Amino acid sequence: MRGKSLMIQGTASSVGKSVLCAAILRIMKQDGYRVAPFKAQNMALNSFVTKDGLEMGRAQVVQAQAAGMEPDVKMNPVLLKPTGDRRSQVILNGKAVDSMTALEYHEYKPALHRKIKEIYESLEQTVDCVVIEGAGSPAEINLRDGDIVNMAMAESADAPVILVGDIDLGGVFAALLGTIMLLTEAERARVKGVIINKFRGDVKILEPGLRMLEERIHVPVLGVVPYMDVELEDEDSVTTRFKRQAGTGDLDVAVVYLAHMSNFTDFQALTLQPDVRVRYARTPQELEHADLIVVPGTKNTIEDLIDLRNRGMDAAIVAHAKRGGMVMGICGGYQMLGKKLFDPEHVESNVSEIFGMGLLDMDVTFEREKRTVQSVGCVKAASAWMQEMEGLRVDGYEIHAGRNALGKDARVWLTIDGQADGITNEAGNVLGSYLHGLFDDGQLFASIAYHIRQKKGLSGSRQEVMSMETFREREFDRIADIVRASIDMEKIYEIVRGEQ
């Protein structure tokens with residue numbers, strides 16, 4: 001089956017394409033095939049840094065992990081990271097090339113199309129099958145001119161297409177039929193089957209509609225996938241995490257909601273830990289009873305700091321820290337905790353200089369060159385409660401444009417390659433770091449949680465923790481089992497082999 005492909009497209013955004021791709025990749029891996037994901041263009045602030053120091057979208061990282069593959073930027077050639085001025089940073093093959101408006105990007109697309117095709121072909125040669133994910137809907141006919149991610153990508157890869165509709169949204173039959181009707185004759189010929197996703201109930205109720213749909217669209221329904229409560233890392237554009245609390249227990253973690261928040265996947269690991277609840281806070285009142293306030297990463301540190309100030313959130317964070325409450329900043333959130341932020345080249349905004357929250361003794365200067373690298377941090381006991389963490393190693397990755405100048409009161413609690421990365425204050429209750437993923441193995445947060453519980457007078461010893469890697473593997477196998485039981489996988493293999 002060497003050099004084959006399969007493309008999953010949807011009737012709309014958020015119909016479950018990413019999860020279905022991950023499940024199908026895991027099924028193919030289980031069946032002994034070497035497979036890889038691919039999405040020509042992703043728009044997201046959740047990104048990842050590969051071992052080569054290159055940046056790619058998080059969705060394809062998750063899919064690569066489902067396939068048992070090392071994430072590679074070939075799997076996501078173009079990543080768009082929206083900024084605060086109706087522009088997006090364009091990342092091509094892992095490196096930022098420019099910041100563009102929508103019109104500028106549209107004019108750039110013809111050159112991109114050729115590059116994407118070359119990148120895809122180099123990936124396809126290394127695996128038995130590439131599972132390609134589309135974006136939005138191929139029936140957005142106003143966007144057909146300049147398409148690089150849906151049917152144009154299917155044509156470039158000569159890939160058969162499976163169309164996915166979300167029945168949980170309602171109107172799935174109309175969505176599937178309407179999408180196919182709006183395709184050109186050549187595009188319709190590529191659609192070899194449809195899948196109905198997110199069904200709640202007895203499939204027998206659907207059967208008359210399924211037969212009628214097949215008669216109208218002249219392609220088979222390959223399966224009906226039940227609604228799956230999936231806890232894999234998701235994209236910022238479709239996530240519902242910001243509106244709900246995850247986990248239950250006595251330790252309350254409030255993640256500060258930012259307008260340009262990036263890499264909120266840093267905090268999914270916290271929801272796996274025992275007796276911890278995680279929520280996203282938008283108002284000062286929502287921070288009042290938090291045990292730990294986390295200020296996350298952001299694509300626009302200065303604008304988000306100004307927004308926090310306008311909402312009274314920065315004052316609430318400072319007050320919490322002054323009362324002895326724990327505060328932790330990651331990447332852009334770390335920068336906000338410093339004394340001053342300087343942007344002489346206007347990398348972040350039109351503001352050249354702004355005061356930070358003043359909780360950490362450091363200044364930050366933004367530079368045009370981003371640091372993108374996988375790193376291993378080493379914990380130092382900068383405060384008495386950190387003694388048991390001394391020497392703990394923390395894997396993660398860095399994506400930032402800031403350079404810190406540390407003051408005399410800065411206490412280093414995390415080093416990378418012997419150099420200061422994270423610092424804390426004298427009291428040891430405010431910490432910051434540039435390292436994304438530092439909670440993923442659970443060990444660092446277990447120590448922080450134990451310290452907080454001791455301060456609250458709660459009894460009990462340190463509890464067993466689950467790493468994100470263990471959780472992901474379990475979740476990949478779970479969704480693969482559900483999808484395998486719900487779709488005609490043999491027919492999908494026939495489609496991949498060109499027998500349908």
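Colleague: In strand 22, which residue is the bridge partner of V376?

Modeller: Strands of a sheet pair through backbone hydrogen bonds, either parallel or antiparallel. Here V376 has D395 as its bridge partner in strand 22. This is a predicted model, where local features need pLDDT of at least 70, side-chain atom pairs count only at pLDDT 80 or more, and totals for chains, interfaces and linings use all residues. Residues are numbered from 1 along each chain as its sequence is written, and side-chain values use heavy atoms, with hydrogens and water left out.

Colleague: In which sense do strand 21 and strand 22 pair, parallel or antiparallel?

Modeller: Antiparallel, over 13 bridges, with strand 22 spanning residues 393-406. Two strands pair if DSSP finds at least two bridges between them. Strands (E, at least two residues) and helices (H or I, at least four) are DSSP runs, numbered from the N terminus. Strand 21 also pairs with strand 23 (residues 411-416), antiparallel over three bridges; C378 has T415 as its partner there. With strand 19 (residues 340-342), strand 21 (residues 362-379) pairs in the parallel sense, again over three bridges. K340 is bridged to D363.

Colleague: What is the order of the open sheet of six strands?

Modeller: The order is 2-9-1-10-11-12, with parallel pairing. Strand 2 (35-38) and strand 12 (221-226) each have a single partner strand, so one side of each lacks a neighbour in the sheet. The twist averages 20 degrees from one strand to the next. Such angles run from 0 to 180 degrees between N-to-C directions, with axes as lines fitted to C-alpha atoms, for helices over the stretch in contact.

Colleague: Which strands does helix 5 touch?

Modeller: Helix 5 (residues 172-181) packs on the sheet against strand 10 and strand 11, its direction at about 145 degrees to that of strand 10. Contact means heavy atoms within 4.5 Å. Strand 10 (residues 161-166) and strand 11 (residues 191-199) run parallel, joined by six bridges.

Colleague: Why is the pair of F439 and F445 edge-to-face?

Modeller: A pair of aromatic rings is described by the distance of the centres and the angle of the planes. Rings of Phe, Tyr and Trp (its six-membered ring) pair if their centres lie within 6.5 Å; planes under 30 degrees apart are stacked, over 60 edge-to-face, the rest tilted. The whole structure holds five aromatic pairs. For F439 and F445, the centres are 5.9 Å apart and the planes at 80 degrees, so the pair is edge-to-face.
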